[in-house]
Every structure is written in structure tokens, then in C-alpha cells.
Amino acid sequence: PIDVFETYIPVIKDGKVVIIFETYLDNSASKAAFDKIISDITKAMSIVSLLLFGAVMFSSFKARRSMKERESAVKELMKYRDNLEVEVKERTAKLEDEKAKSESILAGMGEAVSMQNLDFQVLYQNKAHIDLVGNHFGEYCYKAYQKKDEVCENCHLALAFLDGKIHTVRQSRITEAGEIYYEIVASPLQ
């Protein structure tokens, strides 16, 4: 088939058509070139479309796999968290039980027991100790027990903190009931 452009050009004189020119232009070569360009563009677009589709599918596959891995990791973490919570509860219960036993032993002792930190602050007194000297929890031992403003000279507790050994001192003090004599043993806890 031949593609032809056909054009009619009328010549008008005094308002009347006097002649008509016809022109014919063979457009076959231009159409073939245009059709080839369209075909090449279509092929290129098809290839680009396939490549884009492949990239989207690949990304989708990777995203799905990543999401599955994340879900799996989250489930694993949840399992570990649940197990850890159970273990923490069990260990906390055991520690609380041990603490209750220790406190029961200390409370039931006939000897007075007091615990101080490295700053000489009273952290614990059992009942026998409170009955003997009063409740001084949170106070500094040198203030509470000796009515001093600083650590006592040759303090057995300071020596125990310093060398990690047991130190004993014998003292007396005047109370409302009279003078009492007592022996204090400082044993550092390690």
C-alpha cells in the first residue's frame, strides 16, 4: 500500500472557483520511518516495563522475606521476654524468701546486730539492737551511739573496713538504767 497525501487548492476569481489544483505527495517512506520509530519505542517501552516489573517483584519478594524475618525475630524476642519475666519472678521470689529467712534469723537472735555502710550510716538494726540502743536507722553510728560529730578514734568498724578483718572492742556507756558494759565485734561483709 502507498500512503499519499492529497491536497486540493481552489483558485477563486470574482467569488467563483475557476480552477482547482490537485497535489499528491507520496508519504510511504515517511510513514515507514515513523512506523519503525513507533515500533522501536514500543519495544523499548516493553523492555523497560518488564525490567521495572521485575524490579518491583524482586523488591516485593525481598520486602516480604524481610517482613517474615522481622516477624520471626519479634516472636523469638517475645518468647525470650516471656521466659525472662518468668525467670525474674522465680528468682525474685527466691531472693525474697532468702531475705525473709535472713531477716527472721537476725530478728530472732539474742545478740544485738547493726549494719553500717562505708560512710558509717546505719542500714539495719535487729530487734535486740533497737531494744538496747534505740532505733537509729539512717543515722551515722558515731553520732547515734557515741554522740560524736566524726568517726571515733581507733574505730573498730573503720579498721574492719580498712583491712577486711574482724575487730573487737569492749566499751561501757551510761544509760538510763545505769552503766552497761558490752563487747562489739565488727565483721566486714564481703
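Predicted model: local features only at pLDDT ≥ 70, side-chain atom pairs only at ≥ 80, totals over all residues.
Let's start with V11: its bridge partner in β2 is I19. Residues are numbered from 1 along each chain as its sequence is written, and side-chain values use heavy atoms, with hydrogens and water left out.

Back to our two strands. β1 and β2 form a hairpin with 2 residues between them, and D14 in that turn has a positive phi of about 50°. Buried here is under 20% relative accessible area, exposed is over 50%, and partly exposed is in between, with a 1.4 Å probe and protein chains only.

Now, the chain as a whole. You'll find 4 helices and 6 strands, in the order β-β-α-β-β-α-α-α-β-β along the sequence. These are DSSP runs numbered from the N terminus: H or I with at least four residues for helices, E with at least two for strands.

Helix α1 covers residues 28-108, and A32 sits in it. A32 is partly exposed, at 46% relative accessible area. Its C-alpha atom is 9.5 Å from that of D3, which is 29 residues away along the chain.

What about overall dimensions? The C-alpha trace spans about 155 × 40 × 30 Å along its principal axes. The radius of gyration is 51 Å, whereas a compact globule of 190 residues would be near 16 Å. For the record, that radius is taken over C-alpha atoms, and the globule rule is 2.2 Å times the number of residues to the power 0.38.

Buried residues make up 13% of the 190 in the chain. Of the contacts with a separation of 6 or more, 19% are between residues 24 or more positions apart; a contact is heavy atoms within 4.5 Å.

Most residues other than glycine have a negative phi. F120 has a positive one, near 70°, in the loop between β3 (114-116) and β4 (122-125). K147, also not a glycine, has a positive phi of about 55°, and lies in the loop between α3 (141-146) and α4 (156-163).

Is each of these two residues buried or exposed? F120 counts as buried because its relative accessibility is 11%. K147 counts as exposed because its relative accessibility is 65%. Thanks, everyone!

How values were computed
Pairing = 2+ DSSP bridges.
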